[in-house]
Amino acid sequence: MHPTRRATAAAVAILVVASAVAGCDSDSTTQVSTAGSREPGCPAVLAEARQAVKAAEDINAPWGGPTRGPDAVPGKTIAYVAQTMTNPGVSGVAKGVQEAAEVIGWDVRTFDGQGTPAGIRSAFAEALASKPSGIVIGGFDPKSVTERADQANAAGIPLIGWHAAATPGPSTDPKLFSNVTTRVEEVAEISADWIIARSSGHAGVVLFTDASIPFAKRKSDLIRKRLATCSDVELLSYEDIPIPEANSRTVDKVASLHSRFGDRWTYSAAINDLYFDHAAPALRAAGHKGGGAPYNIGAGDGDPSAFERINGKQYQSATVPEPLSEQGWQIIDEFNRAFAGEPASGYVAPVHITTANNSGGALSWDSEGYREAYRKIWDK
């Protein structure tokens with residue numbers, strides 16, 4: 001049983017009693033927030049948001065991925081080209097790829113691009129020179145290595161991306177057998193819905209993004225669009241802080257935002273959890289409690305440090321995590337389909353919301369039953 005489900009099952013009775021006694025839990029999206037009993041300015045949107053969030057917080061949803069496919073094709077080697085292994089999302093998927101490869105009977109070698117354009121190009125060239133059966137593009141734009149990617153395609157080496165394109169599934173430009181990712185539209189909408197639902201339609205929001213990354217900017221624009229459907233949710237500020245500068249700029253920016261908005265700032269959303277890691281010192285210095293406002297949700301990745309902040313109620317209340325290990329297994333399954341001459345599975349993992357109430361103390365999220373499902377498909 002997944003640790004989330006094990007711990008949560010043991011805590012259900014306690015939570016039910018606590019909710020009945022307290023009447024309001026700081027992490028619950030189904031309770032009325034400190035906005036009081038005012039009627040929301042968007043009753044229809046609020047009802048939709050509450051229903052969507054309830055479904056996304058479910059930890060017992062059945063496996064919705066593939067259940068049929070080709071038996072394991074033997075004797076394959078996979079090259080995992082990582083944007084940087086210091087990126088928790090990239091490294092989490094790499095671990096899933098390695099684990100699944102061991103089950104199916106393949107070899108995997110990782111090539112670390114170390115987070116620079118030159119490093120990524122060099123890593124991809126090394127991967128190609130190793131003559132693998134398939135190459136994973138782990139967290140970077142294939143167009144940054146167009147010449148090498150074209151060589152791989154010409155040699156009949158399938159490319160499978162993780163967060164390598166804006167949409168999931170097969171891609172013709174760039175040419176990928178499949179791109180494994182959640183749908184940015186769904187991640188953005190559920191992040192905004194969490195704010196709408198948790199605040200009962202009354203929130204002052206700061207939104208953090210990196211507009212230099214088209215994928216990230218689109219995500220934050222979609223969050224902003226969804227928030228705008230609720231008239232009593234006010235976007236106080238739209239902050240563009242490039243991810244490489246988040247460490248140096250976020251603390252001062254958060255201090256400035258606190259000075260400008262004070263108690264009006266009740267919620268935040270960010271295209272990546274890491275902004276809240278850097279925001280925590282400034283919020284602490286401003287006298288905010290770790291489990292209090294602004295209530296922060298990360299619309300991306302869900303790395304272990306985000307889970308730690310959420311579990312400890314330290315300046316992050318929720319995340320919309322990628323199922324990193326599960327996606328690593330999916331990548332291996334997609335390669336197996338490519339080697340067997342079959343089309344990609346077309347599976348896209350549904351969005352999930354993790355809070356302190358449903359994490360069970362875990363440091364990651366993956367759907368229940370994916371390992372068993374893929375083993376059965378591969379006859380392993």
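Analyst: Happy to. For the packing angle, axes are lines fitted to C-alpha atoms, for helices over the stretch in contact, and angles run from 0 to 180 degrees between N-to-C directions. Please keep in mind that this is a predicted model.

On the helix 3 side, the residues making the contact include Pro 88, Gly 89, Gly 92, Val 93, Gly 96, Val 97 and Ala 100. Helix 11 contributes, among others, Leu 324, Ser 325, Gly 328, Trp 329, Ile 331, Ile 332 and Asn 336.

While you have helix 11 on the screen, have a look at Glu 326, which is found in this helix. Its relative accessibility is 1%, so Glu 326 counts as buried; the cut-off for that is under 20%. Leaving aside neighbours within four places in sequence, Glu 326 is in contact with Trp 63, Tyr 347, Ala 349, Asp 366, Ser 367 and Tyr 370.

Six strands make up an open sheet with mixed pairing, in the order 8-7-9-10-11-12. Strand 8 and strand 12 (354–355) are at the edges with a single partner strand each, so one side of each has no neighbour in the sheet. Strand 7 (residues 203–209) and strand 9 (residues 267–270) run parallel and are joined by four bridges. Within strand 9, Ser 268 is the residue opposite Val 206. Helix 7 packs on this sheet, where it touches strand 7, strand 8 and strand 9. The direction of helix 7 makes about 170 degrees with that of strand 7.

Cys 42 and Cys 230 form it, with their sulfur atoms 1.9 Å apart. This pair links distant parts of the chain, 188 residues apart. Cys 42 is in the loop between helix 1 (3–22) and helix 2 (43–56), while Cys 230 is in the loop between helix 7 (214–227) and strand 8 (233–240). The torsion about the S-S bond is about -60 degrees, so the disulfide is left-handed. Both Cys 42 and Cys 230 are buried.

Methods. Residues are numbered from 1 along each chain as its sequence is written. This is a predicted model: local features need pLDDT of at least 70, side-chain atom pairs count only at pLDDT 80 or more; totals for chains, interfaces and linings use all residues. Side-chain values use heavy atoms; hydrogens and water are left out. A disulfide is a pair of cysteine sulfur atoms within 2.5 Å. Helices (H or I, at least four residues) and strands (E, at least two) are DSSP runs, numbered from the N terminus. Buried means under 20% relative accessible area, exposed over 50%, partly exposed in between (1.4 Å probe, protein chains only). Two strands pair if DSSP finds at least two bridges between them. Contact means heavy atoms within 4.5 Å.
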